[in-house]
Protein chains: 2
Amino acid sequence: MLEQSLSRANAAKRRGRPGYDQKSVLKIAVDVFNKHGFEATSMAVLADNLGISKSAIYHHVPSKGDLLRLALDRALDGLEAILTEPGACQGRADDRLEYVLRRTVDVMLDELPFVTLLLRVRGNTEIERVAMTRRREFNSRVTKLVETASTEGSIRSDIDPAITSRLLFGTINSIVDWYRPQGAITATKLADDLITMTFDGLRLPAAARAS
Amino acid sequence: MLEQSLSRANAAKRRGRPGYDQKSVLKIAVDVFNKHGFEATSMAVLADNLGISKSAIYHHVPSKGDLLRLALDRALDGLEAILTEPGACQGRADDRLEYVLRRTVDVMLDELPFVTLLLRVRGNTEIERVAMTRRREFNSRVTKLVETASTEGSIRSDIDPAITSRLLFGTINSIVDWYRPQGAITATKLADDLITMTFDGLRLPAAARAS
């Protein structure tokens, strides 16, 4: 028993700081990638930020590229799962679209560093290109939802659905540039505000005006 | 006369390719900065892209930093000028806000590479920090317009004006990521669509629906 415990302790020591697992290494790596850029981040810089040796990182993950892939997968898995939820599959298309956009804001804010990394990817490596293809596929399924809602007559058809989709994703994706989890606005209120602005509009009808 | 012409021809030769002036050097430099990043672009790379020597570039502009400053000034001068136009200063605040947003889209698409560069600046140098301060000042004047319209009761007050402003700039600024001047949509129609979505909303009232 004692021997087993010691051997486990030694294994933990070899792996670096106790308490680190692949998930926590990934979390810190993504923050470093977002701060300095993926290309500019060496394994040595990562090791510095983790306070462990480079070889200790290799206990958790085979390469820097694998950290990127795991991080991008986490963001994309979260987004793609939305489209399988009942709210995204059942009911009128405008309601489904609203559901998907709200949940996209949720996932984005729940997985903020991972989605931030995803949105900054430019296709420099195969891993990045695969992620970009999945992201485009997600966007294109949302564009189809806009088309359906427009055909149903539940949202306006005087804007090309592809443009509506671009503008909606523009509004949503820009959130990562300024949102801080400790800030004054909750994720739910922010999603409400975004849906209110884009679905109902900012301008009040004359009848509702104070003056 | 002949002597003067020859001397002028020699001066032109010394400066590199005939036809280049500071404006055209700037235009090409900004494209290279946007493609490779400002930091990653050396004067040698610039010279390669211009097809002239490094010393020929110095005939047009004292340093790489000056090219950046000139480019950022051009974007910011264009944006700031909007706020002095009659449409931005006279009338109801919601109309002034609409005017400023439309004109922001105009200026952005007229000066696409310059505004793209401005939006990518991260404050790594004093030149970038000065530009970011001017950009924040522009945004903050638009936020004040949102506040006034909200107080007037011409736009909704259930969204914090600072959030409205963030979402509006998010929608507008994202255009630089996908808009191509040779594409299917004109700048005017895009500005119309953006105002329609954010001011009137995408959702059609039940009465207007086909089904």
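1. Who touches whom here? From helix 2 of chain B come B:Val30, B:Asp31, B:Phe33 and B:Asn34, and from helix 8 of chain B come B:Pro113, B:Phe114, B:Thr116 and B:Leu117. Being in contact means that the C-beta atoms of two residues, placed from the backbone, lie within 7 Å. The residues of this helix 2 and helix 8 contact in chain B divide into five nonpolar, two polar and one charged. (Ala, Val, Leu, Ile, Met, Phe, Trp, Tyr, Cys and Pro count as nonpolar, Asp, Glu, Lys and Arg as charged, and the others, Gly among them, as polar.)

2. Staying with helix 8 of chain B (residues 112–120), the buried residues are B:Pro113, B:Phe114, B:Val115, B:Thr116, B:Leu117 and B:Leu118. Buried means that 20 or more other C-beta atoms lie within 10 Å of a residue's own, with C-beta atoms placed from the backbone. Those buried residues pack against helix 2 (22–36), helix 5 (64–82), helix 7 (93–110) and helix 9 (126–152) of chain B.

3. Over in chain A, helix 2 (residues 22–36) and helix 5 (residues 64–82) pack at about 95 degrees, axes 10 Å apart, and are therefore roughly perpendicular to each other. A:Leu26, A:Ala29 and A:Val30 of helix 2 meet A:Leu67, A:Leu70 and A:Ala71 of helix 5.

4. Chain A is divided into domain 1 (20–62) and domain 2 (66–201), with bounds from an automatic or database domain assignment. Ten residues of domain 1 are in contact with ten of domain 2 in chain A.

5. Finally, the two chains: 32 residues of chain A are in contact with 32 residues of chain B.

6. A housekeeping point: residues are numbered from 1 along each chain as its sequence is written, and chains are lettered from A and ligands numbered from 1 in the order in which they are written. In this predicted model, local features need pLDDT of at least 70, side-chain atom pairs count only at pLDDT 80 or more, and totals for chains, interfaces and linings use all residues.

Definitions and conventions: Buried ≥ 20, exposed ≤ 12 C-beta atoms within 10 Å, placed from the backbone. Helix = DSSP H or I, 4+ residues; strand = E, 2+ residues; numbered from the N terminus. Axes fitted to C-alpha atoms, helices over the stretch in contact; angles between N-to-C directions. Parallel < 35°, antiparallel > 145°, perpendicular 65-115°, else oblique.
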